[in-house]
Structure formats: C-alpha cells, structure tokens
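Below is a short report on one protein chain. Please look at the sequence and the model before reading on.

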Amino acid sequence: MSNKNEIEQLIELSKENMLTSTNLNRQMGVLNTAVKLLENRQDDTDKEIKNMKGKIQGLEDDTSITGSQRKQIRQAIAIRTSKLLELRYDKTGKVAPESIGDNVRYRKGFISRCYNDCKTNSRMADSYVDTAKRDFDAVMEFIQDWIPPGGVESYKDYLDQIQEEKAKMAG
C-alpha cells in the first residue's frame, strides 16, 4: 500500500509541477511582453527627447544675436572700413595728414554702405540687432571680405559727388 500511496503522491507532485511550469511559462510570456512594451516606450521617449532637443536648438538659432555679438559686428565693420581707408605714411614714417582727412571724410559713408550691403547681400536682418544667431558667422564672413561696389576709389568718388551736390543745393 505504501507504493500505491507513493505513486499517488508522485502523480500529485507531477501535476503540481506541470501547473507550476505552465504558470512560469505564462509569467515569462507576460514578462517578455512587458519588456517589449518598455523597450518600445523607451524608443518613443528617446525619439521625443531628440525631437525636443531639435526644437530647442531651432529656437536658440532663431533668437537674436547677443550683445557681445552685436559689438563684434560693429567692431568688424569699423576694422574693415579702416583697412579699406588705410592710412598713408610720408617719407619720414609719419601719418600723412591728407590720409587722416580721407579716413575721417569717407569713414561714415563706408560704414553706412557696409551695413546696407550686409543687409542686402548677407543674412543680416534689417536691424542688425535682430540678426539670428544662426546667421552670425555668415554675416561676419561677409564683413571681412566686403569691398564697396566698384572698389574703394570709385566709392570715394561717389561720396565726393554726393558732397558736391549737397554743397550746390545748400549754396
């Protein structure tokens, strides 16, 4: 009788083990599904974060240049016009007085023309303070290479003609 009892116990244990194995398989299936869902959500979250970073970068690029960048533009234009209106020296190495006069006489016109050309031919905004940050480097490159239309001497002649016409009208 003890054998029969032991066999029944073994059968009962086998059934319990089968139920446990079936439950474990089901639980593993549920866990696998949950892991896949979490992976998909993680992918979606990563995509959303990347999208948000792109939007933030776009907003930063669209914002206007900083005060420091505005100052850099002003300085670059002043330096460029000074280089174009270079001071001349006499035989002794002193600054020739007439070149100082040229620099003073033409400087304002050259600076104004440089700003206008930047607005027309580069990405500078109508008011340079509103230039977008993303366009700052392109504007700076344009300034560094800028030459007035027709060249320096031709533009000086043009400015002289304007002064002569103003003098005639005033006179």
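Which side chains meet in a salt bridge at 3.6 Å, N to O? They are those of Lys 156 and Glu 153. A salt bridge here is a side-chain nitrogen of Lys or Arg within 4 Å of a carboxyl oxygen of Asp or Glu.

## Basis of the model

This is a predicted model, in which local features need pLDDT of at least 70, side-chain atom pairs count only at pLDDT 80 or more, and totals for chains, interfaces and linings use all residues. Residues are numbered from 1 along each chain as its sequence is written, and side-chain values use heavy atoms, with hydrogens and water left out.

## Fold and burial

The chain has five helices and zero strands. Read from the N terminus, its elements run α-α-α-α-α. Helices (H or I, at least four residues) and strands (E, at least two) are DSSP runs, numbered from the N terminus.

Of the 171 residues, 22% count as buried. Buried means under 20% relative accessible area, exposed means over 50%, and partly exposed lies in between (1.4 Å probe, protein chains only). The areas come from the Shrake-Rupley method with a 1.4 Å probe, and for residues only the protein chains shown count as cover.

## Salt bridges

Side chains of opposite charge can pair when their charged atoms come close. The structure holds five salt bridges. Lys 156 and Glu 153 are three residues apart in helix 5, so about one helical turn separates them. Lys 156 is buried, with a relative accessible area of 8%. Elsewhere, salt bridges that share partners join Arg 123, Arg 134 and Asp 135 into one network. Asp 135 is buried at 10% relative accessibility. Arg 134 is partly exposed at 47%.

Asp 117 pairs with Arg 113, and their closest N and O atoms are 2.9 Å apart. Both residues lie in helix 3, four residues apart, about one turn of the helix. Asp 117 counts as buried, at 8% relative accessibility. Arg 113 has a relative accessible area of 25% and is partly exposed.

## Aromatic pairs

A pair of aromatic rings is described by the distance of the centres and the angle of the planes. Rings of Phe, Tyr and Trp (its six-membered ring) pair if their centres lie within 6.5 Å. Planes under 30 degrees apart count as stacked, over 60 as edge-to-face and the rest as tilted. By this rule there are four aromatic pairs.

One of them joins Phe 110 and Trp 146 edge-to-face, at 6.3 Å centre to centre and 85° between the planes. Phe 110 sits in helix 3 (residues 97-121), while Trp 146 sits in the loop between helix 4 (136-145) and helix 5 (152-170), so the pair ties together parts that are 36 residues apart in sequence. Both Phe 110 and Trp 146 are buried. Together with Tyr 155 and Tyr 158, they form one aromatic cluster.

## Surface charge

Where does negative charge gather on the surface? Glu 39, Asp 43, Asp 44, Asp 46 and Glu 48 make up a patch there. Patches consist of residues with over 30% relative accessible area and no salt bridge, with like charges joined within 9 Å and nonpolar side chains (Val, Leu, Ile, Met, Phe, Trp, Tyr) within 5 Å. Lys and Arg count as positive, Asp and Glu as negative; His and the chain ends are not counted. The place of a charge is NZ of Lys, CZ of Arg, CG of Asp or CD of Glu.

Glu 39 lies in helix 1 (residues 2-62). Its relative accessible area is 46%, so Glu 39 is partly exposed.

## Contacts across the sequence

Phe 136 lies in helix 4. Phe 136 is buried, with a relative accessible area of 8%. Phe 136 and Ile 73 are 63 residues apart in sequence, yet 8.6 Å apart in space, C-alpha to C-alpha.

Ser 112 lies in helix 3. Ser 112 is partly exposed, at 38% relative accessibility. Ser 127 is in the loop between helix 3 and helix 4. Ser 127 is partly exposed, at 33% relative accessibility. Ser 127 and Tyr 115 are 12 residues apart along the chain, and their C-alpha atoms are separated by 9.5 Å.
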